[in-house]
Amino acid sequence: MSDPSSLQMVASKALGGAERWAIRFSLALAERGVPVDLAIRRGSGVDDLDYGSLQVHRLPFLTTWDPLSRDAVSRTIARVRPDIVQTYMGRATRLTHLPSKGPVHLARLGGYYALGPFRHAHGWIGNTKQLCDWMVQNGLPADRVHHIYNFAEPVHPVAPERVAELRARHGVPDEALVMVTLGRLVGFKGHRHLVDAMARLPETIDGRPLRLIIVGDGPLGPDLHRQAIDVGQEKRILWTGWQKDPSAYLQMADLVVFPSLDAEPMGNVILEAWAWRKPLVTANFRGAREIVRHGEDGWAVPCADAAGLAEGIREVLSNPTLMSALAERGHARVQRDFSRDAILDQYLALYRDLAR
């Protein structure tokens, strides 16, 4: 029996964690030889990426009520004739209305969104168990709510010369301990607590100067820059802006820090840290509480607690044995529980079941 075909639809204007996942997932299906098309927003932050041989449809996706966008979605589904239409977040989901006979509409939720715009789908996927439980508690039928975790971004090592060039560009001393955090500069990512934590950390640990590299951009960028100046950390915090591929920064990192608040559902950064064999300090938000084992594969600290975050960073960076153990055990976790093959197998089993 051949694998069911799917149309993956993401209508976002900017590239963030959910968009990166949708693209990563679509490319992984294609690499396995599974029939898949991807629909994205024309002119968006995901429009100029390299999709290889993946069939990509560029649609207007202007607003949730725009008749041009709704017609483009309907025409694309009719032309592609997929077995599964999987939509991401509100806009793509609200523009997709399918009858009970024909393609199966799966809405994939990566956050605790208002469920009204998602209820018309035929089924729902949540990337944590807690998120799936919350969907059922809020009225979605349990037999149509499906839990499947994300898999980690594949590791693509960067030439050492490229990493050295970036260190030089950012003025990072060769002997520095480099902390890296990735994510959109929005409130629930918790960056302001990380900036405050930097002000509580010593200039050096074991004689090595500390540097924090913040990879990402977003509406809070100017406020965070001012905050860094106000707390005297403008020379120790480095800003890269948005990066299509953050691999070089992950390779440079001695420690990955993830300070998100409880509104963060999953946190792909956790999986990326593990995939790159980097020790992880994370706030203990909902997704982290579900997958991180404190002291074993990550170091978890309270959310929205700059003092606790600083203490966690200091404790890990001061203990090379602990750093190595966290990195190795995290890597073992991602290989065992969050590998691409394991997650793809779960998705394809679901697709086959629904397409029958």
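In which helix is the place of Glu 272? Glu 272 belongs to helix H9, which covers residues 268-275, and the views below are all drawn from a predicted model.

**View 1. Glu 272, a buried acidic side chain in helix H9.** Although Glu 272 is buried, it takes part in no salt bridge. The nearest side chain of opposite charge is that of Arg 20, at 4.7 Å, whereas a salt bridge requires a side-chain nitrogen and a carboxyl oxygen within 4 Å of each other. Apart from residues up to four places away in sequence, Glu 272 touches Glu 153 and Leu 250.

**View 2. The open sheet of 7 strands.** The strands of this sheet follow one another in the order E3-E2-E1-E4-E5-E6-E7, and their pairing is parallel. At the edges stand strand E3 (55-59) and strand E7 (145-147), each of which pairs on one side only. On average, and with direction ignored, neighbouring strands of the sheet are turned by 25° against each other.

**View 3. Strand E6 between its partners E5 and E7.** Strand E5 (residues 104-109) pairs with strand E6 (residues 123-126) over 4 bridges, in the parallel sense. Within this pairing, Leu 106 is placed opposite Gly 123 of E6, while Ala 107 is placed opposite Trp 124 of E6. Towards the other partner, E6 is joined to E7 by 3 bridges, and these two strands also run parallel; here the bridge partner of Gly 126 is His 147 in E7. The chain passes from E6 through H4 to E7, making a β-α-β crossover that is right-handed. In a regular strand, side chains alternate between the two faces of the sheet. Along E6, Gly 123 and Ile 125 point one way, Trp 124 and Gly 126 point the other way, and all of them are buried.

**View 4. Helices H1 and H4 lying across strands of the sheet.** Helix H1 (residues 17-31) lies across strand E1 (6-10), strand E2 (36-41), strand E4 (84-88) and E5, and it runs at about 160° to E1. Helix H4 (residues 129-137) lies across E5, E6 and E7, with a direction at about 170° to E7. Gly 17 is one of the residues of helix H1, and it counts as partly exposed because its relative accessibility is 40%. Between Gly 17 and Leu 182, which are 165 residues apart in sequence, the C-alpha to C-alpha distance is 9.7 Å.

**View 5. Cys 303 in the loop between strand E14 and helix H11.** The loop that holds Cys 303 lies between strand E14 (299-301) and helix H11 (306-317). With a relative accessible area of 24%, Cys 303 is partly exposed. If its neighbours within four places in sequence are left aside, Cys 303 is in contact with Ser 260, Leu 261, Asp 262, Ala 283, Asn 284 and Phe 285. Its C-alpha atom is separated by 45 Å from that of Lys 101, a residue 202 places away along the chain.

View 6. Most residues other than glycine have a negative phi. Arg 277 lies in the loop between H9 and strand E13 (280-283), and its relative accessibility of 42% makes it partly exposed.

Technical notes
Residues numbered from 1 in each chain as written. Predicted model: local features only at pLDDT ≥ 70, side-chain atom pairs only at ≥ 80, totals over all residues. Heavy atoms only, no water. Buried < 20%, exposed > 50% of the residue type's maximum accessible area, 1.4 Å probe, protein only. Lys, Arg positive; Asp, Glu negative; His and termini not counted. Contact = heavy atoms within 4.5 Å. Pairing = 2+ DSSP bridges. Axes fitted to C-alpha atoms, helices over the stretch in contact; angles between N-to-C directions. Right-handed = clockwise from strand over helix to strand, strands pointing away.
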